[in-house]
Structure formats: C-alpha cells, structure tokens
Protein chains: 2
Amino acid sequence: MHPFAKNSAGSVAALGEEKLIAAIRRWLGSASPRAPFGIGDDCAVLPASPLRRLITVDPVIYPRHFNDAVPPRDVGAKLLKRNLSDLAAMGGRPAAAVLALTLDARTSLVWLEQFYRGLAASARKYRVPIVGGDVAQADGTVAASLTLLGEAAGARIVTRTGARRGDWIFVTGELGASLPTRHHVTFQPRLAEGAWLARQSGVHAMMDLSDGLAKDLRALTPPRCLPAISAAALPLRRTADVRGALTDGEDYELVFALASRADREKFAATWRRAFPRTRLTCLGHFAAAGAVPADAIDLSAYRGYEHLQR
Amino acid sequence: MHPFAKNSAGSVAALGEEKLIAAIRRWLGSASPRAPFGIGDDCAVLPASPLRRLITVDPVIYPRHFNDAVPPRDVGAKLLKRNLSDLAAMGGRPAAAVLALTLDARTSLVWLEQFYRGLAASARKYRVPIVGGDVAQADGTVAASLTLLGEAAGARIVTRTGARRGDWIFVTGELGASLPTRHHVTFQPRLAEGAWLARQSGVHAMMDLSDGLAKDLRALTPPRCLPAISAAALPLRRTADVRGALTDGEDYELVFALASRADREKFAATWRRAFPRTRLTCLGHFAAAGAVPADAIDLSAYRGYEHLQR
C-alpha cells in the first residue's frame with residue numbers, strides 16, 4: 001500500500017492534530033496505557049524497577065526500510081521487532097516503548113491505521129506498552145523511530161565485548177535471503193533465547209545480526225583474531241546462497257561466542273531441550289590472526305549492508 | 001548554515017558509516033559514556049534506580065524546526081532543551097538520552113559536527129549522558145529525534161490533570177515573540193523550578209508551554225471550567241503583543257494551577273527567595289464555564305501552533 005492518500009480527505013492533515021492523536025490512541029487500544037503512564041502528558045511515567053535498564057532506538061523510513069509492497073501492518077510490527085531483537089542480543093526483556101512519527105501532510109489515514117494496528121498487535125504479543133510518542137510534519141517523509149526500554153531479564157547482561165581466542169561461534173536460526181522469503185517481516189525476535197543464553201556462563205559475548213554476518217561479526221571478534229568459519233557450516237535460509245548468508249542482512253538472529261572449554265555437544269543438547277524449534281549452528285571459532293585454517297571463508301572479501309552510501 | 005555540503009567530499013557519505021560513528025563519539029566526548037553504558041552495543045545499559053521513571057521524545061526537523069539561519073550548535077542544544085522542558089513540567093530530572101538521526105547522504109560534516117558539539121555542550125551542562133542512538137539515511141531529510149529518560153526528582157510527579165475550579169493559573173518567565181528574540185534557542189529549561197513546584201502540595205497540575213498559551217492551557221483546564229485570564233496580566237516578552245503571547249509558541253515556560261485556598265502572596269514571596277531571577281506571574285484562575293468575568297480574554301478566538309496542517 002502506498003503511504004500517501006489519493007485525495008486530501010483521506011490524509012492526516014484532513015483529520016488535524018487533536019483528532020489524529022485521539023485516533024492513534026484508539027488504534028493502539030490496550031497496547032497503550034492511560035496517562036500519566038501513557039500518551040497524554042508531557043512525559044510518560046514508568047514504575048520504578050530494581051533492575052538495570054536497557055535502551056535502544058531504531059527507525060523505519062519510507063522508501064528505505066519498506067516500500068509500497070510491504071503491508072503497513074508489517075511495517076509497524078517490524079519496527080517493534082527490530083528493536084526487540086537488539087534487546088534480545090543483550091539478554092534483556094522489554095519494559096515500554098515510545099514512538100516518534102514524521103509524516104507528510106498527505107499521509108494516508110488508512111495506511112497509518114494499519115501501521116498502528118500492526119504495531120499494537122506486536123506490542124500486545126511481546127507485552128510492550130506503547131507509553132508515548134510524538135507526531136511531527138515534514139514534506140515527503142513517512143518515518144517512524146521507536147525507542148525501546150528494557151531491563152536485564154536475569155543477573156547478567158551480555159555485551160558484544162568478551163569473546164576470547166578459541167571461543168566457538170554459534171548462530172541461531174538461518175541466514176540470508178531475508179527479503180525474498182519475507183523473513184524481514186515475519187521473524188520472531190529471539191527474546192527467550194537471548195535471556196537463556198545470558199544465563200549460561202560459557203556465553204562470552206553476543207549480538208544480533210542486522211547488516212549481515214560478514215560485517216556484524218567484526219564487532220564480536222577479539223583483538224588479534226579472525227573468525228574461522230567454513231562455508232559448509234552456514235545454515236542457509238531457503239533460496240539463500242553463501243554470499244547471501246554473509247551479506248544480505250536483516251537476519252535478526254543471535255550470534256554468540258561460547259567458551260572454547262565448553263562441551264559443545266552438551267551445550268547443543270541442552271539448547272535442543274530448551275528451544276526444540278530454534279536451530280542452533282556452530283559456525284567455527286575465533287582463531288589467532290596468523291592461524292586461520294586454509295578452508296575458512298575470507299570474510300574481508302564480503303561486505304554487509306553499509307549505511308550512509310551515495 | 002545550510003545542512004547540505006557543497007561538494008561530496010564534505011558529506012557524511014564521503015566518510016561512511018563506521019568513520020561517521022567514530023566521529024560522533026569524538027564530537028560527543030565526555031557527554032557520551034563508554035559501551036556498554038553508551039554507544040557501541042545493541043543496547044545502552046543504565047544503572048538500576050529506585051525512582052519512578054519518566055520518558056519523553058521530541059524531534060527537530062529541517063526546515064520545519066530550524067532553517068539555514070539557525071546555527072547548528074543551537075539546533076543540537078535546542079533538541080535536548082525541548083525535551084528537558086517536558087521533563088521539567090512533570091517535576092523530573094534527567095537520566096540519559098538517545099538520539100535517532102535521519103540524514104541525506106549529502107549532509108555536511110561541518111554542519112553535523114557543530115550540531116553534535118552543541119548537543120554535547122548542553123548535555124554536559126544539564127548532566128544528561130547521551131547513551132546511544134541510530135543513524136539512518138533518507139533522501140532530502142535532516143532530522144533528529146531525541147528520547148529523554150528521567151526520573152522523579154522528589155516524592156511527587158505533577159501531571160496535567162488535577163487542576164480544580166477556582167485554582168490560580170501561574171506562569172514562569174515571559175511569553176511570545178520566541179522566534180524574533182531567539183528565545184526558542186536561548187531558553188533555559190525550567191528543571192529546578194519544576195522540581196521545586198512538584199514539592200509544593202498546593203500545585204495541582206503543571207505543563208510546559210510549546211504551542212502557545214491559548215492552545216496549551218486547554219489541557220490544564222478542569223472539566224466544565226474555562227481559564228479566566230486578563231490581557232493586562234500577561235508577561236509579554238520584549239516585542240511581543242497579546243496575540244503573540246497567546247499563540248506564538250515555543251515559550252518553554254511552565255504553567256501551573258495553584259490551589260485557590262493557597263496564600264498567593266506568601267507563595268510568590270517563597271518563589272522569589274528560591275528563584276530570584278525567574279519571573280512568576282498569576283494570570284488569573286479557572287472559572288466555572290458560566291461564570292467567566294466579562295474582562296477575561298476569549299481564548300477560543302486564538303489558535304496556537306497547529307501541527308499537521310496542509
């Protein structure tokens with residue numbers, strides 16, 4: 001669906017600010033608590049919590065992150081799930097979200113309602129109250145930026161830093177071909193898996209995959225090391241090839257480093273009991289820079305998704 | 001300064017994503033803590049706090065909220081201060097902020113550096129660590145959305161709801177002519193004043209003024225009441241007239257309802273001791289809808305800043 005209305009009667013400008021905000025509250029329904037805990041005051045109020053807090057922000061922008069072929073319900077759901085994937089990567093659980101919208105005055109009310117209904121359905125599913133937001137106007141723009149607040153699900157938060165030489169490299173799910181398979185809108189953020197992994201002391205570092213393994217894995221690699229992974233080990237999504245698995249991006253899977261001394265077989269067996277439906281693959285290990293096996297993929301030959309290009 | 005570079009060598013695209021993020025960390029300097037507490041991981045980590053949390057989000061968008069005449073340092077500072085004003089209006093104090101940027105590939109690095117340096121200076125002044133963010137690309141856009149986290153400064157949070165019939169209407173500072181006087185970039189968010197007001201039990205409701213008193217005051221007005229304020233009482237900013245004081249917007253002052261039984265003289269005297277340099281004005285009171293004095297301004301004849309217009 002195209003985000004701009006064919007005639008001005010169906011646009012956000014026809015409704016005006018006050019009625020639009022009332023409509024947004026209606027569309028969000030039970031996903032949005034009442035003021036002062038939700039929309040309608042200068043700030044939203046969240047209860048105190050004895051846990052460490054996590055915060056992340058990610059946008060969806062037309063036509064960069066979605067186009068007319070993506071149903072607006074999916075756009076709304078994807079916006080929340082992208083952020084939940086970042087939270088999963090630290091072993092966190094969601095607490096609340098706020099949404100900043102930037103809309104052209106011609107933005108279609110039908111499109112916007114579907115966007116909000118998709119966001120609300122996803123917010124209910126993952127128990128994330130949408131507590132506030134802002135609507136601003138800009139010519140030619142349909143963009144939404146969601147800030148997600150979460151908290152540590154357990155005693156430990158797992159960062160990208162901490163992998164050591166020799167650590168095994170594991171990945172959840174499958175990689176590549178996210179767009180043609182619609183994985184980029186149908187994916188389930190790995191919240192339960194991330195929280196479970198954060199409880200395993202052998203998990204040294206973790207992140208989620210958004211720009212492709214070849215690019216993202218750099219952030220997890222210990223100093224003076226390189227990832228030694230073999231092409232045969234890559235869990236290819238249907239229709240994906242090796243290049244796609246390394247560079248397509250939008251996988252929204254977790255990649256993590258497991259201590260070299262860990263019993264991989266026992267770890268995998270425990271995983272299968274906890275998550276019988278989530279595939280887990282050992283891709284290889286972090287090798288000393290001078291000791292990478294000859295059959296390992298040269299990841300420097302692949303580029304993941306690069307932001308800010310001409 | 002125009003936000004787009006004259007030649008591609010001076011643009012964000014010439015730098016590329018990785019180097020741009022490194023530059024942003026450099027520009028923010030001490031305003032941005034290290035990962036995992038700041039930029040560089042899937043989420044930023046904030047320490048636990050026993051206080052209720054507050055959250056608000058507001059953007060600045062070119063050319064709607066700033067134009068080539070506004071120095072980029074002021075744009076960065078204004079973005080943070082707009083959000084701090086919302087926090088002040090609840091009686092909160094800041095904890096951390098994240099920034100979502102949307103940039104055209106042609107965005108000037110000089111412009112962006114000045115924007116960040118202005119944001120960083122303001123973040124240091126108001127002690128708001130910039131803990132994370134996101135940079136996305138969109139043609140023709142220069143926009144920044146800041147999400148501010150705060151917490152209750154004291155035992156009490158003041159909302160927009162709670163004013164009663166007969167309550168006095170007070171406002172801090174002066175109103176109108178925000179653009180020509182550059183108040184919209186030089187203003188100081190009323191954080192200390194807001195926290196102090198939240199501790200006064202006679203303060204029934206509070207909000208900040210962003211779209212003009214005529215429009216904003218509606219949100220503070222109790223059911224079946226109308227604000228009874230006289231034009232003579234309005235604290236006009238230099239060059240402002242009555243219409244401007246009611247409708248110009250971007251005042252970033254606090255308006256609040258004080259219990260009708262409160263001793264106004266004593267309250268004003270206590271205020272002057274606490275804030276000798278911040279003007280405080282009683283504008284009038286909330287009258288029953290049928291009992292508005294004849295000399296009161298008919299606020300329905302004035303419109304504040306309306307978002308989402310054609």
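The model is predicted.

User: What makes residues of chain A and chain B count as being in contact?

Analyst: The test is that their C-beta atoms, placed from the backbone, lie within 7 Å. By that test, 63 residues from chain A and 63 residues from chain B take part. On the side of chain A that touches chain B, strand 2 (residues 53-61) of chain A gives the largest share, eight residues. That side of chain A divides into 33 nonpolar, 17 polar and 13 charged residues.

User: How do you know that strand 1 of chain A and strand 2 of chain B pair?

Analyst: Pairing requires at least two bridges between the strands. Strand 1 (residues 44-46) of chain A and strand 2 (residues 53-61) of chain B have three bridges, so they count as paired, in the antiparallel sense. Within this pair, A44(A) stands opposite I55(B).

User: And why do strand 3 and strand 5 of chain B count as paired?

Analyst: The same rule of at least two bridges applies. Strand 3 (residues 92-103) and strand 5 (residues 142-152) of chain B share eleven bridges, so they pass, again in the antiparallel sense. L99(B) has L146(B) in strand 5 as its bridge partner.

User: What makes strand 1 of chain A an edge strand?

Analyst: Strand 1 of chain A pairs on one side only, as does strand 4 (130-137) of chain B. They belong to an open sheet of five strands in the order 1(A)-2(B)-5(B)-3(B)-4(B), with mixed pairing. From one strand to the next, the twist averages 20°.

Technical notes: Residues are numbered from 1 along each chain as its sequence is written. Chains are lettered from A and ligands numbered from 1 in the order in which they are written. This is a predicted model: local features need pLDDT of at least 70, side-chain atom pairs count only at pLDDT 80 or more; totals for chains, interfaces and linings use all residues. Two residues are in contact if their C-beta atoms, placed from the backbone, lie within 7 Å. Helices (H or I, at least four residues) and strands (E, at least two) are DSSP runs, numbered from the N terminus. Ala, Val, Leu, Ile, Met, Phe, Trp, Tyr, Cys and Pro count as nonpolar, Asp, Glu, Lys and Arg as charged, and the others, Gly among them, as polar. Axes are lines fitted to C-alpha atoms, for helices over the stretch in contact, and angles run from 0 to 180 degrees between N-to-C directions.
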